[in-house]
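Visitor: I would like to learn how to read the features of a model such as this one. Please take them in turn.

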Amino acid sequence: MSADKENQDPSLPSEAKVEVNPQDEATAPLGDSNEAPTEPPKDPRLRRRVLPNPLIDDLNHTHLKKGVLIPLKTTQEVRQDHTIVQALITRAPTRCANDVLTSTAMNLFRLTMISRALRNLHGESNANNLTHLRRCAKPTDLPAHLKTQFMNDSAAGRQIHTAKSSWIYIIIGEVKEFTREELVEALTPIEGLESDLFLATIPIPLLAPTSQIQAAMWTSQFWPTVYRKNNPLGPHPSVVARGNEEIKDSASLWMALAYRVALQGQAAGIGEPIGCVVVQRDDNGSSLVAVAADARWHQEPNGTGGTSLPMTHCVLRAMSMVAQKLVRHERKEKGLPMTSPALEYDAFQDQPLIDMERECFEQDHPNKDGYLCHAMEIYVTHEPCVECSMGLLHSRMGKAVFAKHMPYTGGLSSDDRPDGGGRGLGLFWRRELNWSLLAWEWESDSLPDLPPIGPTTHV
């Protein structure tokens, strides 16, 4: 099979075919007839391809579509306490919720007046931000415990909770936003409300749910809740799903290459069996940019004992090699030689040390106009340590995938560390940082286990 037919989706033709709508051509602006037409967008499925490279050609047909990608949870998702606050609700006569649009003008006017009164009262307070809660709820839609409570409170409550009730309950907002006197003054002038204004306090979740299941659970526990397919505690579900779709087929191939690099580095005696691969993905597919093994024991006078310099970890070495490729291209364009310092001891160890590193380093960068590691992907055999995780953020990496979770030392996971080691940092997505990336743990039995490393090893 020729190299041109690498790793193609069976549903894709051997060459990408893009259909152009004749109407689009007819409405295109007139210009110089010699101008090249604007290239139409390519099939997004092409992004899932793996472009040929001598380092992976033998892996293409045996290590694709293996394993499962598990998205990492942010620190807020892991430790969300689902803050519960107290909210005020009232009730007013109206048609059933499904008939609101066709209700009489008087009933619609009553709802409008209530909404207007509440807006005038609390302005732009947090009450307007409870968009994950239904503002209005029919008596039949309330949780069972609220139905029972309101039905038994008074004779009016029992009458309202009939099969054909013409009343609805309205959530006003957090208790801290109002006083009872303010609400009475704002709501009692509205025609149709009870002479003795009904006000009740109920607990509600302050933050939006992160799944449909959670929304259903809160609906039964607190108040009718809506899942709007967003995530206030982390990356939007659609962003995660789109990223997962792009990399799920080829993640196992890139991880297989990272395993090879790790074993070659260990065999060469330069470090622990840890390796990583950096990939550039564009509309044509994914291309190999850099590979690096752990080099913490290279040139170390104490051999394989003692602590290691984080700069010699495979993640930081790989990112440095990406940068060196860009610098090499810039100097070549300017006619300048690419020189390396002659150091008796190199603390960074960012020059290629094993055959796979050298072969990849000699290849040109697939995006010579790139900036750092912007939007690239990194595949690591083990979860990066805290310093390497911060390096991923500073280099503007787009996606990170690791195969083995390092609960004591990893910097990407948000899970609490064992044996009282403190909380996980979840550095891939934190609101206080000015960059975030998507991160997954890859699970599969398609690759043999690497030689073990100590649980407190910083990768």
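Predicted model: local features only at pLDDT ≥ 70, side-chain atom pairs only at ≥ 80, totals over all residues.

Visitor: How many salt bridges does the structure hold?

Guide: Side chains of opposite charge can pair when their charged atoms come close. A salt bridge here is a side-chain nitrogen of Lys or Arg within 4 Å of a carboxyl oxygen of Asp or Glu. The structure holds 13 of these salt bridges. One of them joins the side chains of Arg47 and Glu246, at 2.7 Å from N to O. Arg47 lies in the loop between helix H1 (22–26) and strand E1 (68–71) and Glu246 in helix H8 (residues 237–247), so this pair ties together parts that are 199 residues apart in sequence. Helices (H or I, at least four residues) and strands (E, at least two) are DSSP runs, numbered from the N terminus.

Visitor: Which side chain meets Arg47 in a salt bridge of 3.1 Å?

Guide: That side chain belongs to Asp283, with the 3.1 Å taken from N to O. Asp283 lies in the loop between strand E6 (275–282) and strand E7 (285–293) and Arg47 in the loop between H1 and E1, so the pair ties together parts that are 236 residues apart in sequence. Glu246 also meets the side chain of Lys399 in a salt bridge, at 3.6 Å from N to O. This pair links distant parts of the chain, with Glu246 in helix H8 and Lys399 in strand E9 (residues 399–404), 153 residues apart. Salt bridges that share partners join Arg47, Glu246, Asp283 and Lys399 into one network.

Visitor: Is Asp283 buried, exposed or partly exposed, and at what relative accessibility?

Guide: Buried means under 20% relative accessible area, exposed over 50%, and partly exposed in between, with a 1.4 Å probe and protein chains only. Asp283 counts as partly exposed at 42% relative accessibility. Glu246 counts as buried at 15%, and both Glu246 and Lys399 are buried.

Visitor: In what order do the six strands of the open sheet come?

Guide: Two strands pair if DSSP finds at least two bridges between them. The six strands form an open sheet in the order E1-E10-E9-E8-E6-E7, with mixed pairing. E1 and E7 stand at the edges, each with a single partner strand, so one side of each is left without a neighbour in the sheet. From one strand to the next, the twist averages 25°. Axes are lines fitted to C-alpha atoms, for helices over the stretch in contact, and angles run from 0 to 180 degrees between N-to-C directions. Four bridges join E9 to strand E10 (residues 438–443), and the two run parallel. In E10, Ala439 stands opposite Ala400. Helix H10 (residues 314–333) lies across E6, E7 and strand E8 (377–382), at about 120° to E7; contact means heavy atoms within 4.5 Å.

Visitor: Which strands stand at the edges of the four-stranded sheet?

Guide: The order is E3-E4-E2-E5 in an open sheet, and the pairing is antiparallel. Strand E3 (136–137) and strand E5 (200–205) stand at the edges, each with a single partner strand, so one side of each has no neighbour in the sheet. Helix H4 (residues 144–153) packs on this sheet, touching strand E2 (84–93), E4 and E5, and its direction makes about 175° with that of E5.

Visitor: What is the phi of Gln349?

Guide: Most residues other than glycine have a negative phi. Phi of Gln349 is near 50°, a positive value. Gln349 sits in the loop between H10 and helix H11 (355–362) and is buried, with a relative accessible area of 4%. Leu372 also has a positive phi, near 50°. Leu372 sits in the loop between H11 and E8 and is partly exposed at 33% relative accessibility.

Visitor: Which residues line the largest cavity?

Guide: On a 1 Å grid over the protein atoms alone, a cavity is a set of points where a 1.4 Å probe fits but cannot get out, and a pocket is an open set with protein on both sides within 12 Å along at least five of seven lines; lining residues have an atom within 4 Å of a point. Grid points are joined across faces, edges and corners, and a volume is the space filled by probe spheres set on the points. The lining of the largest cavity includes Glu383, His405 and Arg417, and the space in this cavity is about 30 Å³.

Definitions and conventions
Residues numbered from 1 in each chain as written. Heavy atoms only, no water.
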